[in-house]
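I open this notebook to record what I looked up in one structure. The entries run from the terms I needed to the single residues I inspected.

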Amino acid sequence: IPFDAYGGFAKLSVTVPTMTADVPKTVAALRLKKSEFLEKRRVKKERAAAGLEDEDEKREKESLKAERKGKEREKKDKGRGGRLGAVSVTLTIVDEAVTCVISVAEKVEKAEK
C-alpha cells in the first residue's frame, strides 16, 4: 500500500488492511462510508433546493466565530502582564539544588487630587 493511501484511510476512519483476510472488511467499510457520504450529499442538495441553510455550514460558521473569539481573548490577555508592577526573579544554584524566587511588587495606587 502506498504511503499516501494511509492518509486516505485515516481521513475516512477506516482501518488499513494489513493482511489479505482484512481486505473484505475494509471494502465493506469503504462501501458503507461511500453510502453515508452520498446520503449526506443528497440531503444537502435537498436543503439547498428548499432554500434552507446547510447544517454543516452552520457548524462551520459557529466554529469560526468561536475561533475568532478565542483569538481576540488571547490578544487582550497578552497585554495584561505589564499592569501588575515590577517583577523580579532570582535563580540560585547550590550543588544540585536549584531555588527560584519570584517577587511581585504590589501595585501602587495613585493619590487622588
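This is a predicted model: local features need pLDDT of at least 70, side-chain atom pairs count only at pLDDT 80 or more; totals for chains, interfaces and linings use all residues.

Entry 1, terms. I count two strands as paired if DSSP finds at least two bridges between them. I take helices (H or I, at least four residues) and strands (E, at least two) as DSSP runs, numbered from the N terminus.

Residues are numbered from 1 along each chain as its sequence is written, and side-chain values use heavy atoms, with hydrogens and water left out.

Entry 3, the chain. I found three helices and two strands in the protein chain, in the order α-α-α-β-β along the sequence. Of its 113 residues, 5% count as buried (under 20% relative accessible area; exposed is over 50%, partly exposed in between; 1.4 Å probe, protein chains only).

I looked up how strand 1 (residues 87–94) and strand 2 (residues 97–104) pair, and found the antiparallel sense, over eight bridges. T90 stands opposite V101 in strand 2. The hairpin of these strands has two residues between them, and D95 there takes a positive phi near 55 degrees.

I located S13 in the loop between helix 1 (3–12) and helix 2 (23–49). S13 is not a glycine, yet its phi is positive, at about 60 degrees. Is S13 buried or exposed? S13 counts as exposed because its relative accessibility is 60%.
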